[in-house]
Amino acid sequence: MKFLRYEQQGSVSWGWYFEDKIGKIEGNIFENYRRFEANISISDVKLLPSVLPTKIICIGRNYASHAAEHKVDVPEIPLIFLKPPSSLIGNNEKIVLPPQSNQVEHEAELGVVIGKRGRWIDPETADDYIFGYTIANDVTARDLQRLDGQWTRGKGFDTFCPVGPFIDTEFDPSDALITCKVNHQVRQMGSTRDMVFPVEKLIAFISSVMTLEPGDLILTGTPAGVGVLSDNDIVEIEIEGLGILNNHVSLHE
Ligand code: MG
């Protein structure tokens, strides 16, 4: 099933998505909820980020092709960092270029949404902790990332984590094509099969450090082809089966 969050006439709801229509959901999508008929046109609502995480955990250099373009080795253990939940935006919302950076770049990534609290999760049972999958863009101020050493500023600006348009609970992450287009030109294309550490190993590793909570979001790394974003650019990230995440770029909020 496909879950999303939306705003209609000032009220925010979870919904389920079926054949371009949305049905309202009442309750907690990770526990008990009630679904209503999918009869709301998607054009009548504003889509919100498809997740409400307590934290966003990101993986650096999880594709050899991307590590190579930055002339760094792939790590021997997963390289993790955090983005703040305040960086989230939804489908069709604006990525705002901050005045502190001259090099803001896109990073198309598969997002994993956690469905159950866990710590010290075994890779063999990691699947039980996954609620579903979504598309994410790990927007990065590359100049500030390099300047600071710590990545918090370069990765953490408001609007630097577009996510959506929905979470799919039936998606198969083993070999899905990720494509990123900027102004309709292909910039990134790779398959999730080329991840250095697959999803279940990432969940095991992260949960050996911190408790994962329902709704937490993991960004699994980006394939090669990252590049600079400019004012008025249109960014479209597609993952087979997860739809298209569409955002435009602006100098102004
Ligand atoms: Mg990334």
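This is a predicted model: local features need pLDDT of at least 70, side-chain atom pairs count only at pLDDT 80 or more; totals for chains, interfaces and linings use all residues.
R35 lies over the face of W16, 4.4 Å from the ring centre. The charged end of R5 sits over the ring of W14, at 5.8 Å from its centre. A charge counts as over a ring when CZ of Arg is within 6 Å of the ring centre and within 35 degrees of the ring normal.

The structure holds 8 aromatic pairs. Take Y17 and F166. Their ring centres are 5.4 Å apart, and their planes meet at 20 degrees, so the pair is stacked.

F81 and W151 meet in another way. Their pair is edge-to-face, with 65 degrees between the planes and 5.0 Å centre to centre. Here the cut-off is over 60 degrees. F81 is in strand β8 (residues 79-83). W151 is in the loop between α2 (142-148) and α3 (152-156). The two residues are 70 apart in sequence, so their contact ties those parts together. What is the relative accessible area of F81? The value is 11%. Buried means under 20%, so F81 is buried.

F3, F30, Y33 and F131 form one aromatic cluster.

Key
Residues are numbered from 1 along each chain as its sequence is written. Side-chain values use heavy atoms; hydrogens and water are left out. Rings of Phe, Tyr and Trp (its six-membered ring) pair if their centres lie within 6.5 Å; planes under 30 degrees apart count as stacked, over 60 as edge-to-face and the rest as tilted. Helices (H or I, at least four residues) and strands (E, at least two) are DSSP runs, numbered from the N terminus. Buried means under 20% relative accessible area, exposed over 50%, partly exposed in between (1.4 Å probe, protein chains only).
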